[in-house]
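Q: Could you walk me through how to read a few features of a protein model?
A: Gladly; let us open it together.

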Amino acid sequence: MKRPDPAALRAVIFDLDGTLVDTASEFVVVVQALRAEFDLPPLEPARIRASVSNGARALVTLALGTLETDPAFEQQRLRLLDLYSEVLGSSARPYPGIEELLQELSSRGIGWGVATNKPRAYAAPLMSRLSLQPPMGSLVCPDDVAERKPHPEALLRNCRELGCQPGQAIYVGDHQRDIEAGLRAGMFTIAALYGYIEADDDPALWGADASAACSTHLRDLILAPH
């Protein structure tokens, strides 16, 4: 995809965890607490951080080794979510340069939104507590769509809510599913290499149109003249 010219750009849409906001510190606390309840020693925090984008189910398996087919899995998942509710928004912060980027987008009349696989029960309060300014124009969670990412439905809904065509938008994400969803929606995609990427994953294979090694690089990737 050709990057929309800044003059024609109407929206920038972000994945949430690992792209817009660094939430890993909260999940490190949660996973370690869950392991402690089962008398297991702490994990290396980097292992937890790399798995955050895979969601609660993956974190349960990482924390306890329980597979989704195990009868105890659902109870353990719910316990992890209870623990997360206790720390939600306590240490999560937007990545460096994000707040400044959002301000500049606003000054150019460009809207912004979020497409995440994080359930609305957690995504909405997190965004409320962060109180990013200017406010996002669209938040789409798996509760809002029939098909979650990598299906493009969420991104297409973002575009409708932000009043733009997919070709007038950019999607930024830190997982292959994000890039696939963006490409299937017909959007220019940026891989957030600073996000939560597992050691055996290779972002070069995702097919993104561009990549940002650091969150502070996003501004130039999105707004620099062609």
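The dialogue below takes up a pocket, a buried aspartate and some aromatic pairs.

Q: What kind of model is this, and how are residues numbered?
A: This is a predicted model, in which local features need pLDDT of at least 70 and side-chain atom pairs count only at pLDDT 80 or more, while totals for chains, interfaces and linings use all residues. Residues are numbered from 1 along each chain as its sequence is written, and side-chain values use heavy atoms, with hydrogens and water left out.

Q: Where does aspartate 15 lie, and is aspartate 15 buried or exposed?
A: Buried means under 20% relative accessible area, exposed over 50%, and partly exposed in between (1.4 Å probe, protein chains only). Aspartate 15 has 7% relative accessibility, so this residue counts as buried. Its place is the loop between β1 (11-14) and β2 (21-22); strands are DSSP runs of E, at least two residues, and helices are runs of H or I, at least four, numbered from the N terminus.

Q: Which side chain makes a polar contact with that of aspartate 15?
A: A polar contact is a pair of N or O atoms within 3.5 Å; within protein, one must be able to donate a hydrogen and the other to accept it, and residues adjacent in sequence count only if both atoms are side-chain atoms. For aspartate 15, the partner is the side chain of lysine 149, at 3.0 Å.

Q: How is an aromatic pair described?
A: By the distance of the ring centres and the angle of the planes. Rings of Phe, Tyr and Trp (its six-membered ring) pair if their centres lie within 6.5 Å; planes under 30 degrees apart are stacked, over 60 edge-to-face, and the rest tilted.

Q: How many pairs are there by this rule?
A: The count is 4. One of them joins phenylalanine 14 and tryptophan 112, with centres 6.3 Å apart and planes at 75 degrees, so the pair is edge-to-face. Phenylalanine 14 belongs to strand β1 and tryptophan 112 to strand β4 (residues 111-115), so the pair ties together parts 98 residues apart in sequence. Both phenylalanine 14 and tryptophan 112 are buried.

Q: What about tyrosine 95 and tyrosine 194?
A: They form an edge-to-face pair, 4.9 Å centre to centre with 65 degrees between the planes. Tyrosine 95 is buried at 7% relative accessibility, and tyrosine 194 is buried at 12% relative accessible area.

Q: Which residues form an aromatic cluster?
A: Phe27, Tyr84 and Tyr122 form one.

Methods
1 Å grid on protein atoms, 1.4 Å probe; cavity = no way out; pocket = protein on both sides within 12 Å on 5 of 7 lines; lining within 4 Å. Points joined across faces, edges and corners; volume = space filled by probe spheres on them.
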